[in-house]
Structure formats: structure tokens, C-alpha cells
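Here is a short tour to read with the model open beside you. It goes from loops to helix pairs and then to the core.

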Amino acid sequence: MLLASLATGTYGKQNQANSPAYAADKANVPDAIAKLKSGKFALVHVDMIAKAGAVEAVPILKEQFANSQDPLVKAKIASALVRLGDRDDTYWDLLAKEATRAVESDIPDFMNFDPEAKTGAGPSPEFVAWSKAHNMPPNGPGSAAQDAMYGFPGKLMLLGSTGDPRAIPLLRRGLLSPNHQIETTAAMGLAEVHDRDSIPLIIEACKRAPAAAALGIAESLVYFDDAEAQSAVDTYVSKERAKILRESVAQGKKTPWS
Amino acid sequence: MPEQLVDSRIRHNQSSESGCEIVATLINRERRDPRQFQSIVPSSFNNLDMCTRALRVETTVRAPINSPEVTVIAWVNGNAPDLNPLPTGENSTLKGNLQNGTVAQQTACALQGGRWILGVASNISTGADAAYANAWLLTNSANTAPPSTITPLLS
């Protein structure tokens, strides 16, 4: 109920099955701007504004950035402002600082990628040990699991979502993370900014990773119109999954987070 | 009237009082310091990782004003008829990302959820996609049903 409306932006509206979802319909961008202006907005509204290139909302975004005390809301707005071309270093610096925390973290995988393990569901033994060493609860709200699964990958995603080439060095560092969620998000971010020079680095990351993690990292390569990248997709991603992803690209999904 | 804590997630705000009933609003949002209500509502959602950034959800409850005690129980019912079965017509990428089998599927699922947490309506193109995603999230965030008998912790 909670996350669902946040994610899909339905907000109680009855969507027709074949009509565009709220966030997918550019006709709703003025509504998103109005919500932002009112102060009663969700992150999906900020995302819609950024993706639509609605630069007229920049002053309102800046105002809400200043008003908000929520670190995630501030980071999301900062990401949108950079994507919309704002050159105030305040926003870029915030994103870069947070992403640096993510790539410098030694937090291990929450999921258990050991092929010999009975289940992949976390927490992995490495993660439990890490949490204990850092005196943090391994699971639940406010735990290290939040950082490992969502917090740190999210910081890289907000950076990569800007589409700004300045993100490339940090995203490449993310490919070296001991945490495969961070690694996968970094690869997706490099696909988001269309950094073809990173293709060999992403493939190297696939080679280093356990098979189950390599699959996720390699999915980023679907978005590159490049023979080497597509070949790696065939190596690491199942035929069925690759077919689904390529079909979505053919239908207009040009980047992982579009 | 200030909102009062029912448990760590559910708060109560008595919004009005007429001659014959109390109208209260249950508000589900972020954690706050305990005040005068004790926990009766099941303490947490099962999928904690997916529900830590709660959107404000409200429901209105009406009760006779002369009731000596009113207990309100709210929970996410994973067995609700509109969730079983899940709606259909969703795109295959979305469906593929919301599987819970192998560790690779679980990883993809976490990444999909992570994108939604950040407000990216990734892989939600149509109303059918949105309906499927909403129902999937509800089903996988369900609480256990409350007991049939409630014993108040405080008189």
C-alpha cells in the first residue's frame, strides 16, 4: 500500500489497463509540477519532472530542496536539478559525496551468492559478521541491510540518473565494490550515461562476479549498441531474460532506468 | 489534536467529536516516540526492507461516543480478494523482476524495489503494470491477521 502508490504514482486514480500509468504519461507533468509547488509531492513527481526535461520547474525544485530536511528528498531533487542542467555545485557535490560513501564502503552482500548455500536469501554469513563487527543489527529498519540492499545502491543510482558524464569515475569505482548490489547499480548507471568506454570494465566485473551476480551486472550491457556488449549479454544472461530485455529496448526503453 | 502513537507505525488522530460518535483517523507513517497508546496492531510489516519509506496512508474510523473503550485494529491483509489472484496484463520485464526464486531473481527484485523507493516508476508503463505492482507489493507486505481476542495492555 505504502510503497506501491509511491512507486507507481497511481494515488488512488483508477488506471485503465491499457492506458499509460500516471508516471508514464507526459500529460501528467504539469500535475507533478503543481504537486511539487504545493509541497505535497512524492519522489515520483520529481522523477517525472526530471525525465520530462521540465526546466520551468527548476526554481520550485530549488525551493523544495531548501525546505526539505529529508536527506533522500534532498538527494532526489539534487539529482533532478543536475539532470535538468543546473550548474550550482551544491547539488552535484551532495550527490558525489553520498556516492563516494557508497563506493568506499566495504559492506558485503546481504544476499548469499555462495552457490553451495541452501538459500540465497540473506543475510549472508559475511554480512552477519560485518554487522557484528560494526555493532549494527543485520536486518530490519535502520539496519546495515538497508544500506547494503537499498541505501548505497540508491546513492549511485541518484548520481547515475543525472546522465552527467562527471558521474563516470565514481560509477566505475562502484564496479569494484564487494557488494554486488552496488556493482550492478554502477553498471546500470554507466549504461544510463551511455559510457561505451566502460563496456570492457563491466564485462570484467561480470567475469569476477559469481554467476548469479554476473547476470544482473550483464543486464546493463543490453542498452549498448555494441557487438562486444551484446555478446557478453548472451554469455551471462539467460536466453529468455535477454529476449525480454531486448524486446523492451526495441520498444523504446533506451536506458535501464527509463 | 496532536497525533498519538498506536504503535511504531500506526498513529491516531481524533479529528472530530459529534454528539453521537468519535471520528478518528488512523495514520500510517514514520516512527515516533511512544505516547499514551500501547501496541495492539501487529508490530510490523513482514517485508521490512520494502516498507521503510512509508507513504502516508489514512483511514477514518467512527465509534459511538459512549463506548468505554474502543480498540481499532488495522493490518495489511494479504488474503484480500482483490489480491488473489494478482491482476494480469503486466509487462514481462516487470513480471520477471518480481520473482522470488533464485538468488539472481531475488537480486533483480531488490533492485526493482530500490528503483521504486527512489521514485523511479521503472517498468510501470500501463495501468495494468501499476495494478500488478501495487497488488504484488501489498501481497508481499502483508501482516499476519490479528488474534480474535485482544487483551489490553493497560486499563
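## An exposed loop residue

A:Asp197 sits in the loop that links helix H10 (180-192) and helix H11 (199-208) of chain A. Helices here are DSSP runs of H or I with at least four residues, strands are E runs of at least two, and both are numbered from the N terminus. A:Asp197 is exposed, because 9 other C-beta atoms lie within 10 Å. The scale works like this: 20 or more other C-beta atoms within 10 Å of a residue's own make it buried, 12 or fewer make it exposed, and anything in between is partly exposed, with C-beta atoms placed from the backbone. A:Lys51 is 146 residues away from A:Asp197 along the chain, and their C-alpha atoms are 24 Å apart.

Please keep in mind that this is a predicted model, in which local features need pLDDT of at least 70 and side-chain atom pairs count only at pLDDT 80 or more, while totals for chains, interfaces and linings use all residues. Residues are numbered from 1 along each chain as its sequence is written, and chains are lettered from A and ligands numbered from 1 in the order in which they are written.

A:Asn135, in the loop between helix H7 (125-133) and H8 of chain A, has a positive phi of about 55° although it is not a glycine. B:Asn123 also is not a glycine and has a positive phi, of about 65°; its place is the loop between helix H2 (103-117) and helix H3 (127-139) of chain B.

B:Asn123 counts as buried, because it has 26 C-beta neighbours inside 10 Å. Chain B also holds a cis peptide bond, from B:Asn84 to B:Pro85, with omega near 0°. B:Pro85 belongs to the loop between strand E4 (57-64) and helix H1 (92-97) of chain B.

## Chain B in outline

Chain B contains four strands and three helices, in the order β-β-β-β-α-α-α from the N terminus on. Of its 155 residues, 35% count as buried.

## Helix pairs in chain A

Helices H2 (residues 29-38) and H3 (residues 43-52) of chain A pack with axes 9 Å apart, at an angle of about 130°. That makes H2(A) oblique to H3(A). Axes are lines fitted to C-alpha atoms, for helices over the stretch in contact, and angles run from 0 to 180 degrees between N-to-C directions. Under 35 degrees counts as roughly parallel, over 145 as roughly antiparallel, 65 to 115 as roughly perpendicular and the rest as oblique.

Helices H4 (residues 58-67) and H5 (residues 71-83) of chain A have axes that come within 9 Å and cross at roughly 155°. H4(A) and H5(A) are therefore roughly antiparallel to each other.

## The nonpolar core

The largest nonpolar core has 104 residues, and A:Ile49, A:Leu95, A:Cys206 and A:Ala218 have the most contacts inside it. Its largest share, 10 residues, comes from helix H8 (residues 144-160) of chain A. Such a core is a set of buried Ala, Val, Leu, Ile, Met, Phe, Trp, Tyr and Cys residues joined through C-beta atoms within 7 Å.

Leaving aside neighbours within four places in sequence, A:Ile49 is in contact (C-beta atoms, placed from the backbone, within 7 Å) with residues including A:Val29, A:Ala32, A:Ile33 and A:Leu36.

Technical notes:
Two residues are in contact if their C-beta atoms, placed from the backbone, lie within 7 Å.
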